[in-house]
Structure formats: structure tokens, C-alpha cells
Amino acid sequence: MIVIKGVPASPGIAIGRAYVLENEEIVISRVDIPKQQIRVEVKRFKLALEATHRDLDATETKVLKMLGKEHARLIDTHRLILRDPLITKDVPKRIQDEKVNAEFALSEALEVVNQAFEKMHDEFFRERRHDLFDVGKRLLSHLLKTEKKTLSDVKRPSILVSRNLLPSDTLNLKENNILGFVTDLGGKTSHTAILAQSMEIPAVVGLSDASHRIKAGDEVILDGDQGLVIIHPSPEAVVKYEKVRERSIQEEEVLEKLRGVPASTADGKRFKMAVNLDTLEELKTTLLLKPDGVGLFRTEYLFLNRTTAPSEEEQTEAYSKVAEAMSPHPLVIRTADIGGDRLSQLGLEGPKNEANPFMGLRGIRLFLRHSELLKTQFRAILRATLQGRVSVLLPMVSSLRELQSARRIFFQAQQELLAEGVPLPKKTPVGIMVEIPSAAILLDHFLEEADYVSIGTNDLIQYTLAVDRINEEVAHLYDPYHPAVLRLLHGIVETTHKHGKKVTVCGEMTSDPKAVPLLIGLGVDVLSVTPRMYLRVKQILRSLRFSDAQAMVAKALKQSDSSEIRKLVGEL
Ligand code: PEP
Ligand code: MG
């Protein structure tokens with residue numbers, strides 16, 4: 001039994017025989033051509049370019065049909081590469097200057113682009129090397145007139161093993177008997193991985209040499225949750241994984257029954273359970289959960305991995321889509337929280353080489369510095385109010401002045417739209433994320449101007465305990481059960497309720513089954529949960545008695561050590 005570890009790209013477990021797509025190594029040799037053949041070679045290259053564009057068009061049509069517009073955008077990256085002058089201009093120039101065959105000129109040009117990508121520090125751009133590889137392979141296969149292998153001859157359910165997989169190949173897997181796939185290349189943010197998740201195909205990528213180590217017909221277990229591939233598993237391992245698979249299917253079936261059932265405790269206290277949404281792509285599966293709304297729509301995805309900010313139109317379209325889909329349930333749209341570990345390529349003045357990015361120009365600080373971005377986002381959010389119950393949430397607020405400045409810009413955006421004749425609701429609530437201790441401590445003042453509160457436990461814990469949330473060296477100190485955290489949470493809930501306003505919790509603590517009883521006992525109004533954990537958390541909530549949870553929290557608040565708090569929660 002051999003276990004290899006890769007990158008978990010798409011969750012789920014698959015057990016089966018390997019179908020290995022041979023590594024189609026294309027050997028390119030340099031052929032010197034006479035001067036009179038230059039035109040012919042350039043023409044051949046142009047025809048291959050056109051054919052590759054046609055391939056992409058066909059793929060796009062397929063993606064549009066199967067997965068929708070969001071995914072079809074992925075094809076644009078391939079088009080951009082194909083249109084890059086480093087390909088379109090450089091290859092004909094090389095053919096001409098060096099008097100070489102088109103294949104050789106192309107492979108040289110691709111290598112230059114590949115090296116440029118390789119030097120980039122940003123994972124997203126480095127990841128695009130795989131897109132370059134895909135496009136290059138398509139182009140070469142048109143030049144060499146080799147047909148791409150198809151998957152239609154996979155006769156029994158199998159696990160696909162290959163060096164790399166094109167996003168377009170991913171679309172055909174389910175209809176071709178493929179239970180899951182493993183690849184040597186690829187990362188979590190590759191388009192292939194994103195598609196695999198959407199299509200619910202388990203996948204492990206980035207395994208370096210799996211396509212050499214696994215032979216056709218080998219028995220393989222693919223664990224997409226842990227990123228493991230087990231070759232020649234022992235009978236015990238197969239039994240174990242079959243059980244795991246079975247159990248998760250059974251659990252899913254039980255949980256499915258909780259869709260649309262009220263989030264009430266066993267003694268009848270009703271809570272609201274919303275979901276956190278990180279991209280528009282998750283909307284479809286999220287709706288199936290029948291949540292009480294979207295408690296946090298993180299909008300950063302619209303601003304990352306691109307060099308220009310999204311337009312008001314693009315943002316309005318995205319927000320309106322979610323607002324309409326959720327209506328009549330509420331949608332909370334958070335203005336972009338860029339900075340910290342979410343670095344943008346927008347070329348904004350500001351967060352570059354900060355020694356402490358989490359303490360730096362992040363969230364509302366950055367957007368107040370670039371108030372044009374904030375105003376555009378506010379305008380787009382306000383325009384989405386036409387489609388549903390929308391409210392605004394401001395991230396990383398640390399002083400009252402920031403809230404006031406943001407509200408002024410929000411007011412300007414409202415006035416502008418009204419002057420343009422856009423009908424707006426009388427009031428669009430503006431809330432603050434309480435995720436910096438200063439906001440928690442001064443909350444009574446903030447509540448004079450904030451319509452509601454949403455607790456971001458991820459940041460609140462990191463700033464309260466001075467523990468960088470992504471630094472594994474101090475991960476053991478990151479402690480949601482720390483008595484100081486519990487007291488702070490208690491204070492936030494009390495103060496907000498005293499002002500007659502509502503409090504949501506939207507950090508990962510809502511998605512930690514063990515921590516949920518604390519939040520229930522604290523009496524928060526809304527839990528905004530990551531979609532994957534939504535039904536499980538509802539199941540826990542429904543099994544608890546509110547009065548017991550309250551009594552447990554009352555005791556927990558008296559403790560001085562987190563282990564005592566953990567114990568109390570565990571005993572509930
Ligand atoms: C949080 O800090 O808890 C939160 C929800 O915000 P993010 O994780 O996006 O920083
Ligand atoms: Mg946060």
C-alpha cells in the first residue's frame with residue numbers, strides 16, 4: 001500500500017481502478033526551413049491559432065450550458081493567453097528571424113511566458129502556468145494534427161489519473177464513468193479544481209509524479225477531503241474508506257431532512273440561521289439549503305486576481321442576482337475587505353510589503369483611502385436593493401470616525417442615485433463587523449450610528465489574543481474558548497440588545513459544531529454559517545435546550561481558563 005499526499009482540490013471519496021491517460025509528451029524538434037517556406041509556416045501557425053480559438057468557443061458553449069456564466073468566464077483566461085502578443089506576434093517573428101518550423105518557434109515562445117509566470121510571487125499567477133500549458137498543448141496538437149484522446153472508451157467506473165487535466169475535460173468526466181481524478185499538476189485555485197468542486201467530483205491534484213507511479217488498472221482510493229491517494233490499498237483500508245463513504249452518505253441523508261425546517265432549539269427558542277457566501281458560484285448549492293438569508297456576502301472575490309476594479313455594472317449584476325435569489329430573505333453585503341492575506345493586484349496605493357499586513361491597511365481603512373472604490377460599491381449595493389432585502393456591512397471598523405466617514409459616502413451614493421431617478425427603499429440598514437476589540441469595547445457609541453452588529457470571530461479572536469490567524473507557529477494559541485473571548489462576546493450581545501438591535505455571528509466559530517452551544521447560550525440572534533456545515537449546525541441547534549445553553553454560558557463566564565470552558569460545553 002502506497003500513500004501519496006497532494007492538494008485536496010475537491011472533497012469526497014472515490015474507490016476504484018485507475019484509468020491512466022498516457023502522458024502525451026510531445027517531442028518538438030527544430031527544423032530549419034528555407035526562406036520561401038516562411039510564409040507557409042506562418043500561415044500554418046495562424047490556422048492552428050484559429051482552430052484553437054474555435055475549440056475554446058465550443059468549450060465555452062458547453063460550460064455555459066452545464067454550469068452557467070460564472071464558470072464560462074474561466075475560458076477567458078485561455079483566450080487572453082492565446083491573444084497575448086508574446087504568442088501572436090512573437091511566434092511569426094521567430095519563424096521569420098530564425099527560419100525555423102512553427103512548432104519549434106511556438107515552444108520557444110511558450111517557454112519565455114512560462115518563465116515569466118514562474119517568477120511571480122503570487123500563487124494565482126503562478127497557477128496560470130497550467131492554463132498556459134493547456135493552451136500550448138492545444139495549439140501544438142493542431143499544428144501537429146494529433147487528435148486529443150477522448151475519455152469515451154472508459155468502460156467501467158474508474159479513477160482518472162493524468163499529468164494534467166483541461167477544464168474542458170473536467171466537464172466530460174461524469175458522463176464518462178469517472179468517479180474522481182488525480183493529477184500531477186494543479187493547485188487549489190486552478191480552474192480545473194474549481195470546476196470539479198462545482199460538479200461534485202472528488203479530486204486530488206499537485207501530486208508531482210502520480211501519473212508515473214499509478215499504472216492502468218491499479219486499485220486506488222482517492223480521499224479528496226485529506227488530499228490523499230492510496231495505491232494498492234490493503235483490504236482493511238478499503239473497508240475503512242467504504243465505511244467512511246457510507247457514513248457520510250447516511251449522515252447527508254439525515255441532514256437533508258433539515259432543509260427548510262426552522263432553526264429552533266428543543267425548548268422552542270427560534271434562531272435565524274443564515275449562510276456565508278464567498279462567491280457567486282456557491283449561490284446555487286446554497287439555495288438548496290433553504291437558509292434564512294445570507295448573513296455575510298464576502299465581496300472580495302470580485303476584486304482579487306485582476307488588475308482593474310470591477311465596474312458598478314458588474315457589481316450591481318452580482319449583488320442583484322443574490323438579492324433576487326434570496327428574496328424575501330435578507331442579504332448582507334459586506335464591502336470588500338482587501339488587505340491582510342487577501343492581496344489585490346489592483347495596483348492600489350497602500351498595502352505593499354507591510355510588515356504586519358493584518359494590522360495594516362485593510363478593509364474599511366483601505367476603502368476610505370480609496371473612497372471612489374467605496375462609493376462605487378455602495379452604489380452597486382444600493383441598486384441591488386431593487387431586487388430584495390439588502391443591507392450593508394462594513395469590515396474592520398476600529399473607530400467611530402471610520403463609521404461616520406463611511407456613512408457620509410453612503411449618503412452621497414444614495415443622493416446621487418435618487419437624483420438619477422433610481423428608486424431606493426426609505427432605509428437600507430448599515431451595520432458594522434465587530435472584529436476589532438476597540439469596536440467591542442466602545443460598542444455603545446457605535447450603536448448610535450450602526451443599525452446592527454455582526455461579530456467576526458475570526459478576526460476578533462486574532463486581535464484579542466494577538467495570534468496571527470494564519471501563522472501555524474502560534475495556531476495552538478488561537479482559542480475561541482479563551483475566557484477573554486467569551487466575555488467580549490457576552491458584552492457585545494448584551495450591549496447590542498440593550499440598544500434594541502440585532503447581533504449576528506459570522507466567523508468560523510458558527511461552523512464549529514463544538515462551539516455552537518456557546519453562541520446559542522449567549523443568545524445571539526443570527527448564526528451565519530459556511531454552507532458546508534449549515535445543516536450539521538442546524539442539527540446541533542435543534543438538539544439543544546436554550547435554557548441549558550444559557551445556564552452553561554453563565555457558568556462558563558465565571559471561568560479563568562479555556563479548558564474549563566471546553567469542559568462545560570462538552571458536558572452539555
Ligand atoms: C471574521 O473575521 O470572522 C470574518 C467573518 O471575516 P473574514 O474571515 O472575512 O475576515
Ligand atoms: Mg474578518
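Reader: How many salt bridges are counted between domain 1 and domain 3?

Author: Happy to take you through it. The model is predicted, and local features need pLDDT of at least 70 and side-chain atom pairs pLDDT 80 or more, while totals for chains, interfaces and linings use all residues. Residues are numbered from 1 along each chain as its sequence is written, chains are lettered from A and ligands numbered from 1 in the order in which they are written, and side-chain values use heavy atoms, leaving out hydrogens and water.

The count between domain 1 and domain 3 is one salt bridge (a side-chain nitrogen of Lys or Arg within 4 Å of a carboxyl oxygen of Asp or Glu). Its partners are glutamate 251 and arginine 536, whose closest N and O atoms are 3.4 Å apart. On the side of domain 1 that touches domain 3, helix α11 gives the largest share, three residues. (Helices are DSSP runs of H or I with at least four residues, strands are runs of E with at least two, and both are numbered from the N terminus.) There is also one residue pair in polar contact between these domains, with both residues at pLDDT 80 or more. (A polar contact is a pair of N or O atoms within 3.5 Å; within protein, one must be able to donate a hydrogen and the other to accept it, and residues adjacent in sequence count only if both atoms are side-chain atoms.)

Now for the domains themselves. Domain 1 covers 2-24 + 150-254, domain 2 covers 35-144 and domain 3 covers 263-545, with bounds from an automatic or database domain assignment. The contact takes five residues from domain 1 and four residues from domain 3, where contact means heavy atoms within 4.5 Å. Between them the two bury about 270 Å², with 38% of it on carbon and sulfur atoms; buried area is the accessible area (1.4 Å probe) that two parts lose on being put together, summed over both. Over C-alpha atoms, the centres of domain 1 and domain 3 are 35 Å apart.

What does helix α11 rest on? Here the sheet comes in: an open sheet of eight strands in the order β1-β8-β7-β3-β4-β5-β6-β2, with mixed pairing (two strands pair if DSSP finds at least two bridges between them). At its edges are β1 (2-5) and β2 (7-10), each pairing on one side only. Further in, β3 (residues 13-20) and β7 (residues 219-223) run antiparallel and are joined by five bridges; isoleucine 15 has isoleucine 221 of β7 as its bridge partner. Helix α11 (residues 235-256) packs on this sheet and touches β3, β7 and β8 (228-231), its direction making about 125 degrees with that of β3. (Axes are lines fitted to C-alpha atoms, for helices over the stretch in contact, and angles run from 0 to 180 degrees between N-to-C directions.)

Elsewhere in the model there is a closed barrel of eight strands, running β9-β10-β11-β12-β13-β14-β15-β16 with parallel pairing. Its neighbouring strands are turned by 25 degrees against each other on average, direction ignored. Three bridges pair β9 (residues 272-277) with β10 (residues 294-298) in the parallel sense, and leucine 277 has phenylalanine 297 as its partner in β10.
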